[in-house]
Amino acid sequence: MAPGNSTLATEFILTNISENPELQVPLFLAFLVIYGLTVAGNLGIIILTSVDSRLQTPMYFFLRHLAIVNLGNSTVIAPKMLIIFLVKKNTILYYECATQLGSFLFFIVSEVILLSVMAYDRYVAICNPLLYMVVISPRLCRLLVGLTYLYGLSTAVVVSSSIFSMSYCSSNVIRHFFCDSIPLLALSCTDIYIPETIVFISASTNLFFSLTVVLVSYFNIVLSILKMRSSEGRKKAFSTCASHLTAVTVFFVTLLFTNLQSRSSHSLHSDNMTSMFYTLVIPMLNPMIYSLRNKDVKDALRRFTTNPCNSFKLM
């Protein structure tokens with residue numbers, strides 16, 4: 001669609017990760033491996049935490065839902081990107097683009113909130129161990145996860161609706177490898193003040209709330225660990241939150257890097273790299289972080305592979 005054309009867009013053209021023809025096959029194979037590892041790793045976490053009788057604790061309940069969110073987030077982006085590499089067709093229909101944006105927002109917002117919920121869970125477990133199972137009850141776990149998904153859904157509906165309430169009539173080339181809010185705002189031929197404000201307030205509120213909960217939780221966790229007299233107790237306490245702390249650090253550093261860049265410093269390459277990291281790479285890394293650094297998960301995997309029937313939880 002040429003600039004200045006007054007016809008409303010019915011489809012968009014996504015910009016590929018690289019326009020170099022020689023890199024298309026290597027990139028396709030690389031992202032196919034990444035997505036395959038993401039699916040295998042997160043499905044493994046979901047299955048293990050669902051069936052293993054020794055992983056029926058709040059921490060692994062939240063981990064299961066983090067794996068569901070990671071799998072969903074990656075699945076929203078990766079298959080379409082792989083199709084573009086394979087058939088060299090970069091177009092995406094208007095309503096398909098809206099669905100992709102809404103789904104992406106649902107999963108990414110749910111992940112942001114869920115990570116703060118998991119930080120609170122680790123805070124209670126370490127700072128109030130005797131009251132842990134009372135405070136973090138199964139009912140509260142279901143409520144927190146339910147509210148997380150509800151908030152993610154409401155944010156996705158509000159933000160995506162505001163973005164697709166605009167008219168796209170100047171260009172339909174999205175300077176990104178998937179339908180994201182900022183690249184879509186740049187294509188509008190109408191006033192973007194209200195949608196841009198909604199996107200900014202939503203992103204800022206979510207990051208501020210989640211980071212505050214995480215920082216306050218881990219500040220109290222560190223204080224509690226330092227007060228422990230036993231070095232063995234300190235080591236055990238730290239090991240219970242090391243995996244989550246690693247995942248939180250990687251995720252929020254990437255998000256903050258993306259959001260704190262000034263608009264003038266944005267480039268297609270840097271935006272693609274950071275977006276690719278938190279939409280494709282982090283969902284692949286999280287199962288590795290939680291399995292390689294977690295003795296319970298490794299033991300559950302060993303039990304499941306050697307004797308699956310004995311590892312099933314009692315129904």
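**Helix packing and core**

Modeller: The axes of helix α1 (residues 24–51) and α2 cross at roughly 160 degrees and come within 9 Å. Axes here are lines fitted to C-alpha atoms, for helices over the stretch in contact, and angles run from 0 to 180 degrees between N-to-C directions. Helices (H or I, at least four residues) are DSSP runs, numbered from the N terminus. This is a predicted model: local features need pLDDT of at least 70, side-chain atom pairs count only at pLDDT 80 or more, and totals for chains, interfaces and linings use all residues. Residues are numbered from 1 along each chain as its sequence is written, and side-chain values use heavy atoms, with hydrogens and water left out.

Biologist: So are α1 and α2 roughly parallel or antiparallel to each other?

Modeller: Roughly antiparallel, therefore, a label for angles over 145 degrees, while those under 35 count as roughly parallel, 65 to 115 as roughly perpendicular and the rest as oblique.

Biologist: And what about α2 with α5?

Modeller: Helix α2 (residues 58–87) packs on helix α5 (residues 138–163) at an angle of about 20 degrees, with their axes 10 Å apart. That makes α2 roughly parallel to α5.

Biologist: Which residues in α2 and α5 meet?

Modeller: From α2, P58, F61, F62, H65, I68 and V69; from α5, C141, R142, L144, V145 and Y149. Contact means heavy atoms within 4.5 Å.

Biologist: Switching to the core. How many residues has the largest nonpolar core?

Modeller: The largest nonpolar core has 87 residues, and F62 and L184 are among those with the most contacts inside it. Such a core is a set of buried Ala, Val, Leu, Ile, Met, Phe, Trp, Tyr and Cys residues joined through side-chain atoms within 4.5 Å. Buried means under 20% relative accessible area, exposed over 50%, partly exposed in between (1.4 Å probe, protein chains only).

Biologist: Which helix gives the most to this core?

Modeller: Helix α3 (residues 94–127), with 19 residues.

Biologist: What does L184 touch?

Modeller: Not counting residues up to four places away in sequence, L184 touches F12, C97, L101, I163, F164, M166, Y168, I174 and C179.

Biologist: Where does A186 lie?

Modeller: In the loop between α6 (181–185) and α7 (193–226). A186 counts as exposed, because its relative accessibility is 65%. A186 and Y168 are 18 residues apart in sequence and 9.5 Å apart in space, C-alpha to C-alpha.

Key
Helices (H or I, at least four residues) and strands (E, at least two) are DSSP runs, numbered from the N terminus.
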